[in-house]
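User: I would like to learn how to read helices, loops and chain contacts in a model such as this one. Could you take me through some features in turn?

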Amino acid sequence: MTKIQVMLGLAAVALAGGLVLALNAPIDALQGEFSRIMHLHVPASWLAFLAFGVTAVASIMWRIRRTRAWDRRAAASAEIGVLFTALSLATGSLWGGAVWGTYWDWADPRIATTALMFFVYLGYLALRSASPDAESAAARSSILGIIAVVQVPLVYFSVNMFRSLHQGQSIRPDGATMPGGMLVAMLVNVGVFTLVYFALLAARTDVMRQEEAARALEPAAGEAVRPPRFDEVPDV
Amino acid sequence: MSEPMVIAAYVVTYGAIVAYAAWLHFRRRAVTTDRD
């Protein structure tokens, strides 16, 4: 069994444990069962921040070191970040539909900035796909990966900077604004999702490495059957 | 957990994570099979 398989196995067990804890945690007196969505929404949002932060750090490291491993980490982390941003938006929308009475509101700064962040990182992935080779994909996307991370603090602090439907931070230096049982379930799920992130990151970078190795063999095989170019055909 | 919204949130989240892991598994298998 490989190290990645062990990590994925541990992540699966932790996910199951986190699920049991989330479903047995105390519920909010006003929101009722809907407060259980927070055990998914908060960890998914945290992972989006973490993933895009890792993309920025790996992009900086690629610009310094120029090694394929840093570029693969940046790309893999952005892909996982997009997945978890989508989950953050989806779970937030379901919770909003139930508790706020609206699934979506563009006037809410956190929803709007999170949606913007989602589309910018989709653009990051599209930019990589549109690049002709791995080196140009790394060179182009590393710049976007470094610049786009400014959205993370913008999303996080948007509830303090603008009028918002969202509540302010629940965990503050002077204490948490929720009961202990709920807080423990949420923090455990943040830890579980972080473990899932690192397992998926290891698996994704490994797949990228193997695909690059396979692609490196392709031109050599293609060369042998390449038809002659016009200027290579001798005059007869 | 009887609320459909809550069930939908859990199904979507866990389903997406499992689907992504499965997609990675099949991509990995495809590339290693090609090289064999």
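Analyst: What follows is a short tour of a helix, a loop residue and an interface. This is a predicted model, in which local features need pLDDT of at least 70 and side-chain atom pairs count only at pLDDT 80 or more, while totals for chains, interfaces and linings use all residues. Residues are numbered from 1 along each chain as its sequence is written, with chains lettered from A and ligands numbered from 1 in the order in which they are written.

User: Which residues of α5(A) are buried?

Analyst: An α-helix has 3.6 residues a turn, so residues three or four places apart point the same way. A residue is buried if 20 or more other C-beta atoms lie within 10 Å of its own, exposed if 12 or fewer, and partly exposed in between, with C-beta atoms placed from the backbone. In α5(A) the buried residues are Ala138(A), Ser141(A), Ser142(A), Leu144(A), Gly145(A) and Ala148(A), and Ser141(A) is also where α5(A) bends by about 25°, the bend being the angle between axes fitted to the seven residues ending there and the seven starting there.

User: What is the phi of Arg66(A), and where does Arg66(A) lie?

Analyst: Most residues other than glycine have a negative phi. Arg66(A), however, has a positive phi, near 60°, and is placed in the loop between α2 and α3 of chain A. Arg66(A) counts as partly exposed because it has 13 C-beta neighbours inside 10 Å.

User: How many residues of chain A are in contact with chain B?

Analyst: Taking contact as C-beta atoms, placed from the backbone, within 7 Å, 23 residues of chain A are in contact with 21 residues of chain B. On the side of chain A that touches chain B, α7(A) gives the most, with eight residues.

Note on methods. Helix = DSSP H or I, 4+ residues; strand = E, 2+ residues; numbered from the N terminus. Contact = placed C-beta atoms within 7 Å.
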